[in-house]
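User: Could you take me through this structure before I plan the rest of my reading? I would like to begin with the overall fold.

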Amino acid sequence: MPEDFPNYVDVDYTDGEGEDPEDYASMEHKIEKAIEVTKEGLEQYENPAVMWTGGKDSTLTLYFIKEVAEKYDLEIPPAVFIDHYQHFDEIHDFVDKWAEEWDLDVVYARNEDVGAYVDEHGLTPGDDIEISELSEHNQHHVRNLLEYEEDTFPFLLDTYVGNHLLKTVALNDALEEYDIDGVISGVRWDEQDARADETFFSPRHDPDIYPPHDRIQPILHFDERAVWDCFWHFVVPDTVEDYPDEGYVPESGDDLPNGLTNDDIPISPKYFAGFRSLGSEVSTEKSDEEPAWLQDLEDTTERAGRAQDKEDLMERLRDLGYM
């Protein structure tokens with residue numbers, strides 16, 4: 001951790017308090033705020049990093065970082081990809097392709113102790129992991145922080161213990177290893193109730209739980225519809241050669257203009273296939289057969305395709321450092 005953190009950081013931790021997406025009515029207002037938060041984040045923190053899942057929100061956040069860094073001659077921070085061993089193959093392919101396309105430095109955060117146990121025992125998702133055979137570091141998290149008393153837990157991402165060890169512990173270990181003081185993420189107010197009270201700059205300063213750092217959240221005020229509108233009318237026209245400057249909303253992967261294909265577009269193919277929220281391969285289902293942006297976003301739940309036992313525990317997981 002950089003010396004003297006957070007004393008050298010001068011941000012308003014109350015920025016966004018009591019607000020919601022409706023307070024940023026126009027797309028221009030949304031983009032202006034996203035750029036403001038991104039610029040402040042890149043300037044204020046000594047060792048920032050951006051969380052990149054390959055999903056729409058983190059990719060949109062990454063776009064703002066690239067644009068702000070280029071405009072104001074700032075460095076693009078490394079992207080942290082949490083590899084929880086249960087990703088769709090398409091997510092890995094997407095991250096690899098666009099990391100190369102955009103010349104990104106990607107840090108792969110993994111709980112290698114759990115990964116080694118899984119490999120050694122030939123486990124598949126759902127199989128039990130013996131807690132006593134894990135490292136003292138992982139046992140501390142399970143027993144002392146989670147207060148979990150069973151002898152085993154299932155090798156599943158979207159469970160209380162699995163999510164914490166495979167994602168949060170992996171992230172926190174990466175924060176410590178790389179001395180990251182500012183985590184730029186694509187968290188949004190409307191995505192999950194546990195995130196509704198977040199602010200644009202959110203402190204995480206308790207050293208007993210995680211390496212002290214701040215969360216910087218440039219698209220906090222976007223709702224799901226705005227994310228897609230921003231992609232098809234700003235991000236894709238700006239980043240994809242031959243895409244119409246005025247934007248175009250495709251009805252399928254075969255409906256892209258000027259001979260372009262899904263591979264040319266910085267949007268995961270899983271969204272074209274009907275997924276609205278991307279979690280683990282074994283516990284995430286598509287919401288519909290239509291592409292995500294054509295679905296009823298206003299009257300249905302974005303994360304309905306995700307395992308609900310983890311969703312119900314979101315507040316507790318976030319207290320422990322989950323995004």
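This is a predicted model: local features need pLDDT of at least 70, side-chain atom pairs count only at pLDDT 80 or more; totals for chains, interfaces and linings use all residues.

User: What is the strand order in the open sheet?

Analyst: The order is β3-β2-β1-β6-β8-β7, an open sheet of 6 strands with mixed pairing. Strands are DSSP runs of E with at least two residues, helices are runs of H or I with at least four, and both are numbered from the N terminus. Two strands pair if DSSP finds at least two bridges between them. At the edges are β3 (106–109) and β7 (201–204), each of which pairs on one side only. From one strand to the next, the twist averages 30°.

User: Which helix packs on the sheet?

Analyst: Helix α6 (residues 160–177) does, touching β1, β2, β3, β6 (182–184) and β8 (213–216). Contact here means heavy atoms within 4.5 Å. The direction of α6 makes about 150° with that of β2; axes are lines fitted to C-alpha atoms, for helices over the stretch in contact, and angles run from 0 to 180 degrees between N-to-C directions.

User: Now β1. How many bridges join it to β2, and how many to β6?

Analyst: Strand β1 (residues 48–51) is joined to β2 (residues 79–82) by 2 bridges and to β6 by 3 bridges. β1 runs parallel to β2, and β1 and β6 run parallel as well. Met51 has Val80 in β2 as its bridge partner, and Val50 stands opposite Ile184 in β6.

User: Are the β1 residues Pro48, Ala49, Val50 and Met51 buried or exposed?

Analyst: All are buried, with Pro48 and Val50 pointing one way and Ala49 and Met51 the other way. Buried means under 20% relative accessible area, exposed over 50%, and partly exposed in between, with a 1.4 Å probe and protein chains only. Pro48 has a relative accessible area of 12%. Not counting residues up to four places away in sequence, Pro48 touches Pro77, Pro78, Ile180, Asp181, Gly182 and Ile184.

User: Changing topic: how many residues has the largest nonpolar core?

Analyst: That core has 60 residues, and Trp52, Leu60 and Phe64 are among those with the most contacts inside it. A nonpolar core is a set of buried Ala, Val, Leu, Ile, Met, Phe, Trp, Tyr and Cys residues joined through side-chain atoms within 4.5 Å. The elements giving two or more residues to this core include α1 (27–44), α2 (56–71) and α7 (224–239). The most comes from α7, with 8 residues. Apart from this core lies another of 17 residues, including Tyr117 and Phe155.

User: At what angle do α1 and α7 pack?

Analyst: They pack at about 90°, with their axes 11 Å apart. Helix α1 is therefore roughly perpendicular to α7, a label for angles of 65 to 115 degrees. Met27, Lys30 and Ile31 in α1 meet Ala226, Asp229, Cys230 and Phe234 in α7.

Technical notes: Residues are numbered from 1 along each chain as its sequence is written. Side-chain values use heavy atoms; hydrogens and water are left out. Angles under 35 degrees count as roughly parallel, over 145 as roughly antiparallel, 65 to 115 as roughly perpendicular and the rest as oblique.
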